Amino acid sequence: MNPRLLLQTIRWNRVRLVALVLAGFGWGILIPVIYSNFSDVIREMANSGAIPKQMMSFGSGNLFSVPGAITIGFQHPLAIAFLGIFAVGTTTGAIAGERERGTLEVLLARPVSRRTLYLTIALAVVILLSVELASLLGGLWAGILATDIGDQVDTSALWLVFVNGLMLWGAFAAFGLAASVSFDRHAPAISLALAYLLVNYFLEILGSLWTDVAWSQEYSLFHHFQPAELLTGKADPADFLILTAAILVPLAYALIVFPRRDLAAPD
Amino acid sequence: MDGEAAIRTEALTKHYGSVRALEALSLDVQPGEIFGFLGPNGAGKSTMIRTLLGFLHPTAGSASVLGMDIVEQSVEIRRRVGYLPGGIALYDTLSGADALDYLNDLQGRAPTRREELCERLQMPAGDLRRRVRDYSRGMRQKIGVIQALQHDPDVAILDEPSEGLDPLMQQAFYSILDDLRAAGRTIFFSSHVLSEVERVCDRVAIIRAGHLMALQHVDELLARRKRTVTLRWRGAVPDLSSVDGLADVQVQGDRMQATLLGDVAPFVRAVASPALLDLTIEPARLEEAFLEYYAGDEPTVAGKEASS
C-alpha cells in the first residue's frame with residue numbers, strides 16, 4: 001500500500017464523494033419517511049387488488065415493515081446508481097482509464113509495483129464505499145428518529161447492514177478492478193463491470209416479480225445482502241461466505257494477471 | 001557502480017505472438033555516458049525501453065540496470081531511474097507544480113534538481129501554477145523532462161525527449177544533458193532526430209526490426225562515413241588517385257569533386273599547394289550512417305558490428 005497514491009486516489013474522487021455522501025444521506029432519510037407516510041396506503045391498495053401482489057415485494061424487500069422498506073431502499077435503482085459510481089466507475093477508470101490516458105506510464109515508472117498499485121486503489125475504493133454507505137445508513141438512522149419508528153426496527157444491528165452492504169459492493173468493486181487490469185481501454189472494462197452488475201440486479205428483481213423463476217435470485221449477489229434479515233436477527237452466514245468468495249476470486253485474478261501482463265506502449 | 005555497466009542486455013528478446021519486436025539484443029551502456037538508441041518508428045526502441053522498466057516481460061535473454069535484474073528487481077531499478085515516455089501524458093486536472101510534487105512523492109527522493117531544471121527550461125512559478133490541460137505541447141514536454149530528472153536519477157531513460165521543444169529549449173536541454181554527463185549520470189536516449197543524437201551522444205546503437213545493426217562511438221561512426229570534397233585549382237588539377245580513401249573523382253576544368261572515406265589528413269597533405277584556390281570538405285553526417293543500415297532488405301545478421 002502506498003499512502004501518497006491512496007491520498008491522491010481519494011483526492012481525484014473528492015467532488016464525487018461529497019455529492020454522493022449528500023445524495024446517500026438524503027436517500028437514507030427518505031426511506032423511513034416514505035415508509036411512515038405511504039405504507040398504509042400501499043397496503044390498502046394491495047389488499048384491494050389495485051396493485052398486483054408481486055409488485056409489493058421489489059427485490060427482497062417490501063413496504064409493510066421497516067426492515068423490508070430498508071431492503072427496498074438499498075435495492076432501489078437510485079441506490080444502485082449511487083453506489084455503482086465508485087464500485088464500477090472509479091474501479092474501471094483507475095487502471096484501464098489511466099492506461100488509456102497514458103498516465104499509467106509515468107505512474108509505473110516510479111518505484112511502485114503493480115500489486116501495490118492495485119491494492120492501494122482497492123483500499124481507496126473500500127474507503128470511498130464505506131463513507132458512502134455510512135452516509136446512507138446515517139441518513140436512515142436520522143430518518144428513523146425523525147419519523148419516530150425506532151420501535152419497529154433494531155437500529156443496533158445497522159452495523160451488520162453496513163458490513164454486509166460493504167461486502168456486496170466490495171464484490172462489485174473487486175470485479176470492476178479485475179476488469180480494469182485486463183483492458184487497455186476504459187470502455188470495455190466499464191462495459192463488462194456494468195454488465196456484471198446489471199445481470200446480478202436483473203436476476204434479483206426478476207425472481208421477485210415472477211415467482212416461477214424465483215430461483216434466479218439465488219444466483220444474484222444482491223440476494224446475499226438482506227437488510228431485512230439482518231435487522232430482524234436472521235442473518236445467514238452463507239450470505240457472508242458467498243460475498244467473501246465473490247470478492248476473493250476477482251481479487252486473486254487481478255493479483256495474478258496484472259503483474260504478469262505486458263503493458264505495450266499506448267496508441 | 002565499480003565498472004559495472006549502467007545498462008546491460010544479453011540476448012534480450014521480445015516477441016508478441018509472431019511479431020519479433022526485439023531479437024537477441026546485446027549491448028552495454030557505460031556509467032556516465034549518453035547513449036543514443038536509434039531507429040525509425042516500429043524498430044523496437046520503445047519495446048526495449050519498456051522492457052528495461054518492467055512494462056514488458058522479456059521472451060528470452062536477460063537485462064540489468066545498475067546491476068539489478070529487470071525482472072526480479074524492477075521496483076528498485078525504478079527508484080534510481082528517471083523516465084520520460086515518448087509523447088508523455090500527464091494529469092490534466094493538476095497544476096504543473098502539483099503534478100511534479102505528486103510524481104516526486106511517489107519517487108521517494110528529494111527533487112534536488114527541480115529548481116535548476118525549471119529555471120533552465122524556463123518554467124517559472126507562474127506557469128507551474130497553471131493546470132496541465134492549459135499547457136502547450138512544448139510546456140508538457142518540459143514538465144515531462146523535469147519529472148524525469150528532478151530527483152537526480154542515476155540513469156535517465158528518455159524517449160524522444162526533445163519532441164515539441166523549440167530550438168532554444170532544445171539547446172537548453174542538450175546543455176542539461178551535458179551537465180548530467182559531467183556529474184556522472186547515465187543517459188539512455190532514444191530518438192530519430194539524428195542531428196541531436198550526433199550533438200549529444202557518446203555512443204549510438206542502431207536498431208532495425210528488433211535487430212542491433214551497429215553499436216559504436218559517434219566519432220568512429222562518423223570517421224567511417226564518406227565526405228564530399230570539392231576543390232578549385234589554378235591550372236590543371238593534379239592526379240590524386242593515389243590518395244587513401246579518395247573515390248568517384250570527377251574533374252571539370254579547374255574544379256574537382258570526389259568522395260573521401262576515412263581520415264582527411266592524407267588528402268589535405270596531398271592538396272596542400274599554392275595552386276589550391278578553394279577547398280570544401282563537407283562534414284560526415286550520422287544520417288548517412290543511419291541510412292546505410294536501413295538500405296536494402298530486412299536484416300539477416302543480428303548484432304552486426306555490435307562488438308566494435
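**View 1. Order of elements in chain A of the predicted model.** Read from the N terminus, the elements of chain A run α-α-α-α-α-α-α-α-α-α. Chain A has ten helices and zero strands. The radius of gyration of chain A is 20 Å, close to the 18 Å that the globule rule gives for 267 residues, so chain A is as compact as a globular protein of that length.

**View 2. Extent and burial of chain A.** The C-alpha trace of chain A spans about 65 × 40 × 30 Å along its principal axes. Of the 267 residues in chain A, 46% are buried, a residue being counted as buried if 20 or more other C-beta atoms lie within 10 Å of its own.

**View 3. Contacts within chain A by sequence separation.** Taking the contacts in chain A between residues at least 6 apart in sequence, 77% join residues at least 24 apart.

**View 4. Contact of chain A with chain B.** Chain B supplies 22 residues to the contact, and chain A supplies 18 residues. On the side of chain B that touches chain A, the elements giving two or more residues are α1 (45-52), α2 (74-79) and α3 (96-107) of chain B. With five residues, α3(B) gives the most to this side.

**View 5. Residue classes on the side of chain B that touches chain A.** Sorted by class, this side of chain B has 13 nonpolar residues, five polar residues and four charged residues.

Definitions and conventions
Residues numbered from 1 in each chain as written. Chains lettered and ligands numbered in written order. Predicted model: local features only at pLDDT ≥ 70, side-chain atom pairs only at ≥ 80, totals over all residues. Contact = placed C-beta atoms within 7 Å. Helix = DSSP H or I, 4+ residues; strand = E, 2+ residues; numbered from the N terminus. Nonpolar A, V, L, I, M, F, W, Y, C, P; charged D, E, K, R; others polar. Rg over C-alpha atoms; globule rule 2.2 N^0.38 Å. Buried ≥ 20, exposed ≤ 12 C-beta atoms within 10 Å, placed from the backbone.
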